[in-house]
Amino acid sequence: MREPVLRRTKEEAAQTREAILDAAEEVFFQRGVSQTSLNQIAAAAQVTRGAIYWHFSNKSDLFRAMQDRAHLPQQEYFKAQAFLELEDPLTALLRFTDETFARFVTDERAKRVFTIILLRCEYVGEMEEALCEHRANEDSMRTHVFAVFEYANRLGLLNRRWTPEAATDAFVCIIVGLLVEWLRNSCEFDLRTVGALSMQGLFASLQKI
């Protein structure tokens, strides 16, 4: 008879954890991370502060779990490893980037969390660790994108005016810059269209004539 009780307890604990993450996401977005206390998150989640500490060691740990739960644009680029076996990795990367913009536009959680990371968090004190993780995600994205450009260069597909390093810098600056400006301006412009046109212009320059 204990197994159903144990299962229910585990399910309730998982539900409480999700409720805390939902509340943290909402309060961080509305107030900013530095202006948010665990008491405020507990109130929004309708749990005790002790319940938060049962699942998370501190605010930084909670922030990290909230970030891990979202499918952020940079994290998508580990899939670019599959392009290293294709005959035309540049076209594949361009198509994948268009798809990434499209997914991001419709993913409300990713938009909120990315807004928090980029525009609602001061990375000082206990949040310095979160900054390190954010930079690690960007470095990972850069590494995977660089591998694609380096592979394209070995295949003779990259315009000789571009090095893989320069191509990676341009690519990352465009995609991150577009995402930041789109979120900063309350998603007022058409990210899919502007993103596609921007990347098409870059890749037209990158591809060997």
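Author: A residue is called buried under 20% relative accessible area, exposed over 50% and partly exposed in between, with a 1.4 Å probe and protein chains only. Of the 209 residues of the protein chain, 42% count as buried. This is a predicted model, in which local features need pLDDT of at least 70 and side-chain atom pairs count only at pLDDT 80 or more, while totals for chains, interfaces and linings use all residues. Residues are numbered from 1 along each chain as its sequence is written, and side-chain values use heavy atoms, with hydrogens and water left out.

Reader: What does the protein chain average in pLDDT, and where is confidence lowest and highest?

Author: The pLDDT is the predictor's confidence in each residue, from 0 to 100. The protein chain averages 91, and 96% of the residues score at least 70. Helices (H or I, at least four residues) and strands (E, at least two) are DSSP runs, numbered from the N terminus. Confidence is lowest in helix α1 (residues 2-31), with a mean of 83, and highest in helix α10 (residues 191-206), at 97.

Reader: How many helices and strands are there in the protein chain?

Author: The protein chain has 10 helices and zero strands. Its C-alpha atoms fill a box of roughly 65 × 45 × 30 Å along the principal axes.

Reader: How is the packing of two helices described?

Author: Two packed helices are described by the angle between their axes and the distance between the axes. Axes are lines fitted to C-alpha atoms, for helices over the stretch in contact, and angles run from 0 to 180 degrees between N-to-C directions. Angles under 35 degrees count as roughly parallel, over 145 as roughly antiparallel, 65 to 115 as roughly perpendicular and the rest as oblique. The axes of α6 and helix α8 (residues 128-154) come within 9 Å and cross at roughly 150 degrees; α6 and α8 are therefore roughly antiparallel to each other. Contact means heavy atoms within 4.5 Å, and here P89, L90 and L93 of α6 meet V145, V148, F149, Y151 and A152 of α8.

Reader: At what angle do helix α4 and α8 pack?

Author: Helix α4 (residues 59-69) and α8 pack at about 25 degrees, with their axes 9 Å apart, and are therefore roughly parallel to each other.

Reader: How is a pair of aromatic rings described?

Author: It is described by the distance of the centres and the angle of the planes. Rings of Phe, Tyr and Trp (its six-membered ring) pair if their centres lie within 6.5 Å; planes under 30 degrees apart count as stacked, over 60 as edge-to-face and the rest as tilted. A search of the whole structure finds nine aromatic pairs. One of them, F83 with F96, is edge-to-face, at 5.8 Å centre to centre and 75 degrees between the planes. F83 lies in the loop between α5 (73-76) and α6 (89-106), and F96 in helix α6, 13 residues apart. Both F83 and F96 are buried. F104 and F114 also form an edge-to-face pair, with 5.8 Å between centres and 85 degrees between planes. F104 lies in helix α6 and F114 in helix α7 (residues 108-119), so this pair ties together parts that are 10 residues apart in sequence.

Reader: Which residues form one aromatic cluster?

Author: Y77, F83, F96, F149, F171 and F203 form that cluster.
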